[in-house]
Amino acid sequence: MNSDLIRQASAEEIESWIIARIAEIVNVAPAAVSPDAPFDSFGIDSAKAISLMVELENWLNLPDELPLELLFEAEAIRDAATGIAAAVSDMAAQQGGVRP
Amino acid sequence: MIQDEQIEFGGSAAAIRHHYDVGNDFYSAWLDPSMTYSSAMWDGLPKDAPLEEAQQRKLDYHAESVGAGEGMRILDVGCGWGGMMRNLRRRHGAAECVGLTLSEEQLAYIEQSGDPGIGAVLSNWHDYRPDRPFDAIISVGAFEHFAHPQQSVDERRGVYREFFQACRDWMEGKGRLSLQTIAYGRMSPEDANPFIANEIFPAAELPTLEDIVVACKGLFRVERLRDDGLDYARTCEMWSNRLRGAVRSGVVDPAIHPVEKYSRYLRMSAAGFRMRKIGLLRIAFATE
């Protein structure tokens, strides 16, 4: 595999990224997307939701998929971002462990 | 475009081959060792139980739903690679299992298993005529293929009713049927994603719970019913991760196999289950 490093984004950075992407998909200003709202409250279909996850994984340069429940089961986008940041940090720790 | 396309009963053979004849090697790279290509079951297991264990739980659940036991003759409609039948023989004492499949690759896989108590027939349920009755019937992940998107609701229910009637007849009016199928949840048929509808499962239409209840009326009594959509979400995510791992380790070559397509399909399905757009019904029926 490639040797690219995982982007260890903070929960805040991930939250901003998700909000910007949701705003783009539903065509509103990012300020209109509340971080306290759950992801499934925006009427985004499953195809677009998966595209968003794949783009997020690419942006973070992750070697593995993020569990979808981090996005779908979180009570708010803010919680989703916190969960994703923790998962990213775990993956980076694993990557660090095997790198020369 | 108008095509002179005949609607086939009991699942279009061409459509089934489109999906399942990608190659046994491809599926074995990311399914569990029992080659079970349907949702696993975590009920009664720890949340982090591995896929293999949850697939075993699912196989046993259906066996228990039909009261599988010593000496029984059991039919598996849509038997896949035969995992259900092998489990019925090994762990539940079934004397004889017969599986129906429309995939030649699956038939060949089962025929090389070497168990004289397990047989497979290349036939859809509509044309199948058993020479002897069965004591019980299990069908997992086949019902999704029975109806056609071009059929009206009444026509679809008519097909489902024929299936329930056939099951009843094959058991001579006495026995249990355990069914597992994806069904529409909060999503209606019109909202179905064209990628899944056209690319992955052409010529398939999902039932609603209502369709099933209406179609079985007077033929079977619903004994127990579960919607385990989150089980399927987790199963799809695990498959997708295993597929990714198989690519990384070189077992699957993306230049040969439709990795991108399947990965997208598996994750979209998982999202659909998590959003409750679709659900996973597990229904145990008994003759009235």
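## Chain A: order of elements

From the N terminus on, chain A runs α-α-α-α. That makes four helices and zero strands. The model is predicted, and the predictor gives chain A an average pLDDT of 90. In chain A, 93% of the residues score at least 70.

Helix H1 (residues 11-26) of chain A has the highest mean pLDDT, 96. Helix H4 (residues 77-98) of chain A has the lowest, 89. Where pLDDT is low, the predicted coordinates should not be read in detail.

## Chain A: size and packing

How does the radius of gyration of chain A compare with that of a compact globule? For 100 residues, a compact globule would have a radius near 13 Å. Chain A has 14 Å, which agrees. Along its principal axes, the C-alpha trace of chain A spans about 45 × 20 × 20 Å.

Of the 100 residues in chain A, 25% count as buried. Now take the contacts in chain A with a separation of 6 or more. Residues 24 or more positions apart account for 67% of them.

## The annotated stretch of chain A

An unreviewed UniProt entry carries the annotation "domain: Carrier" for residues 9-88 of chain A. Over residues 9-88, chain A is 59% helix and 0% strand. The end C-alpha atoms of this stretch are 8 Å apart.

## Where the chains meet

Twelve residues of chain A are in contact with 17 residues of chain B. Which helices of chain A each supply at least two residues to the side that touches chain B? They are helix H2 (46-60) and helix H3 (69-72). The largest share, four residues, comes from H2(A).

The side of chain A that touches chain B can also be sorted by class. Seven of its residues are nonpolar, one is polar and four are charged.

Chain B has ten helices and seven strands. Of its 288 residues, 48% count as buried. Among contacts in chain B between residues at least 6 apart in sequence, 74% join residues at least 24 apart.

The largest nonpolar core has 97 residues. Those with the most contacts inside it are B:Ala68, B:Ile74, B:Leu88, B:Ala136, B:Ile137 and B:Ala271. Look at B:Ile137. Leaving out residues up to four places away in sequence, B:Ile137 touches B:Leu75, B:Val77, B:Cys167, B:Trp170, B:Met171, B:Gly175 and B:Leu177.

## Helix H4 of chain B

Which residues of helix H4 (residues 83-92) of chain B are buried? They are B:Gly83, B:Met84, B:Met85, B:Asn87, B:Leu88 and B:Arg89.

Just after H4(B), B:Gly93 takes a positive phi of about 75 degrees.

Most residues other than glycine have a negative phi. B:Met35 has a positive phi, near 55 degrees. B:Met35 is found in the loop between helix H2 (24-28) and H3 of chain B. Is B:Met35 buried or partly exposed? It has 17 other C-beta atoms within 10 Å, so B:Met35 is partly exposed. The cut-off for buried is 20 or more.

B:Arg276 also has a positive phi, near 65 degrees. B:Arg276 lies in the loop between H10 and strand E7 (278-287) of chain B. B:Arg276 counts as partly exposed because it has 16 C-beta neighbours inside 10 Å.

## Two tyrosines of chain B

B:Tyr37 lies in the loop between H2 and H3 of chain B. B:Tyr37 counts as buried because it has 20 C-beta neighbours inside 10 Å. Not counting residues up to four places away in sequence, B:Tyr37 touches B:Tyr27, B:Leu31, B:Gly80 and B:Gly141. B:Tyr37 and B:Arg276 are 239 residues apart along the chain, and their C-alpha atoms are separated by 21 Å.

B:Tyr265 sits in helix H10 (residues 259-274) of chain B. B:Tyr265 has 22 C-beta neighbours inside 10 Å, so it counts as buried. B:Gly245 is 20 residues from B:Tyr265 along the chain. The C-alpha atoms of B:Tyr265 and B:Gly245 are separated by 17 Å.

How values were computed. Residues are numbered from 1 along each chain as its sequence is written. Chains are lettered from A and ligands numbered from 1 in the order in which they are written. This is a predicted model: local features need pLDDT of at least 70, side-chain atom pairs count only at pLDDT 80 or more; totals for chains, interfaces and linings use all residues. The radius of gyration is taken over C-alpha atoms; the globule rule is 2.2 Å times the number of residues to the power 0.38. A residue is buried if 20 or more other C-beta atoms lie within 10 Å of its own, exposed if 12 or fewer, and partly exposed in between; C-beta atoms are placed from the backbone. Two residues are in contact if their C-beta atoms, placed from the backbone, lie within 7 Å. UniProt positions are given in the numbering used here, feature names are shortened, and annotations may be inferred rather than shown by experiment. Ala, Val, Leu, Ile, Met, Phe, Trp, Tyr, Cys and Pro count as nonpolar, Asp, Glu, Lys and Arg as charged, and the others, Gly among them, as polar. pLDDT is the predictor's confidence in each residue, from 0 to 100. A nonpolar core is a set of buried Ala, Val, Leu, Ile, Met, Phe, Trp, Tyr and Cys residues joined through C-beta atoms within 7 Å.
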